Amino acid sequence: MTELSAASAAAAGLPPPKLVFLDLDGTVVDRSHQVSPHTIEAVRAVAARGVPVCVATGRPYFAAQGIARMLGATGVGMFFSGAILIDPETDTARVTHRLG
């Protein structure tokens, strides 16, 4: 959250976020497969305030972990469309859901 949006949220009487989940493709990652410097700065500012930032994506972990690290995501991420939850601090699965 940038200072402007934090101030706007406070002025509107909104509490600060307790958790932020970010979709990657088409949201954080643009059509040219890039993440803008502004997005990286904004997400890192949220994480710096102590708010857990999590990634939620259909991608497998190995295809998303670089982006998650670039953003400074610290919370458990959801990968393979929710089939696995991985802790980025330890690179270990917390929960897995198998088909069949």
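Me: Before I look at single residues, what do buried, exposed and partly exposed mean here?

Reply: Buried means under 20% relative accessible area, exposed means over 50%, and partly exposed is what falls in between, with a 1.4 Å probe and protein chains only. Asp23, with a relative accessible area of 35%, is therefore partly exposed. This is a predicted model, in which local features need pLDDT of at least 70 and side-chain atom pairs count only at pLDDT 80 or more, while totals for chains, interfaces and linings use all residues. Residues are numbered from 1 along each chain as its sequence is written, and side-chain values use heavy atoms, with hydrogens and water left out.

Me: How are the helices and strands assigned, and what pattern does the protein chain follow?

Reply: Helices (H or I, at least four residues) and strands (E, at least two) are DSSP runs, numbered from the N terminus. In this protein chain they come to three helices and five strands, and along the sequence they follow the pattern α-β-α-β-α-β-β-β. Of the 100 residues of the chain, 32% count as buried.

Me: Where does Asp23 lie, and which residues is it in contact with once its neighbours in sequence are left aside?

Reply: Contact means heavy atoms within 4.5 Å. Asp23 is placed in strand β1, residues 20–23, and, with neighbours within four places in sequence left aside, it is in contact with Val28 and Ala56. The C-alpha atoms of Asp23 and Thr57 are separated by 5.6 Å, although the two residues are 34 apart along the chain.

Me: What counts as a polar contact, and with which side chain does the side chain of Asp23 make one?

Reply: A polar contact is a pair of N or O atoms within 3.5 Å; within protein, one must be able to donate a hydrogen and the other to accept it, and residues adjacent in sequence count only if both atoms are side-chain atoms. The side chain of Asp23 makes such a contact with the side chain of Thr27, at 2.8 Å. Elsewhere, a polar atom of the side chain of Arg59 lies 2.9 Å from the backbone oxygen of Ala63.

Me: Is Thr57 buried or exposed, and what does it touch?

Reply: Thr57 has a relative accessible area of 5%, and is therefore buried. Its place is in the loop between β2 and α3, where, not counting residues up to four places away in sequence, Thr57 touches Leu24, Asp25, Ala64, Met78, Phe79, Phe80, Ser81 and Gly82. Arg59 lies in the loop between β2 (53–56) and α3 (61–71), and its contacts, with neighbours within four places left aside, include Leu24, Asp25, Phe79 and Phe80.

Me: Which value does phi of Phe80 take, and where is Phe80 placed?

Reply: Phi of Phe80 is near 50°, a positive value in a residue other than glycine. Phe80 is placed in the loop between β3 and β4 (84–87), and its relative accessible area of 46% makes it partly exposed. Asp91 also needs a look: phi of Asp91 is near 55°, again a positive value in a residue other than glycine. Asp91 lies in the loop between β4 and β5 (92–96) and, at 39% relative accessibility, counts as partly exposed.

Me: What is a cavity on this grid, and how many of 30 Å³ or more are counted?

Reply: On a 1 Å grid over the protein atoms alone, a cavity is a set of points where a 1.4 Å probe fits but cannot get out, and lining residues have an atom within 4 Å of a point. Grid points are joined across faces, edges and corners, and a volume is the space filled by probe spheres set on the points. The count comes to one cavity of 30 Å³ or more, and the largest cavity has a volume of about 30 Å³.

Me: Which residues line the largest cavity, and how do they divide into nonpolar, polar and charged?

Reply: Its lining consists of Val55, Tyr61, Ala68, Ala73, Gly75, Gly77, Phe79, Ile86 and Pro88. Ala, Val, Leu, Ile, Met, Phe, Trp, Tyr, Cys and Pro count as nonpolar, Asp, Glu, Lys and Arg as charged, and the others, Gly among them, as polar. The lining residues of the largest cavity divide into seven nonpolar, two polar and no charged, and α3 and β3 (77–79) each supply at least two residues of that lining.

Terms used. On a 1 Å grid over the protein atoms alone, a cavity is a set of points where a 1.4 Å probe fits but cannot get out, and a pocket is an open set with protein on both sides within 12 Å along at least five of seven lines; lining residues have an atom within 4 Å of a point.
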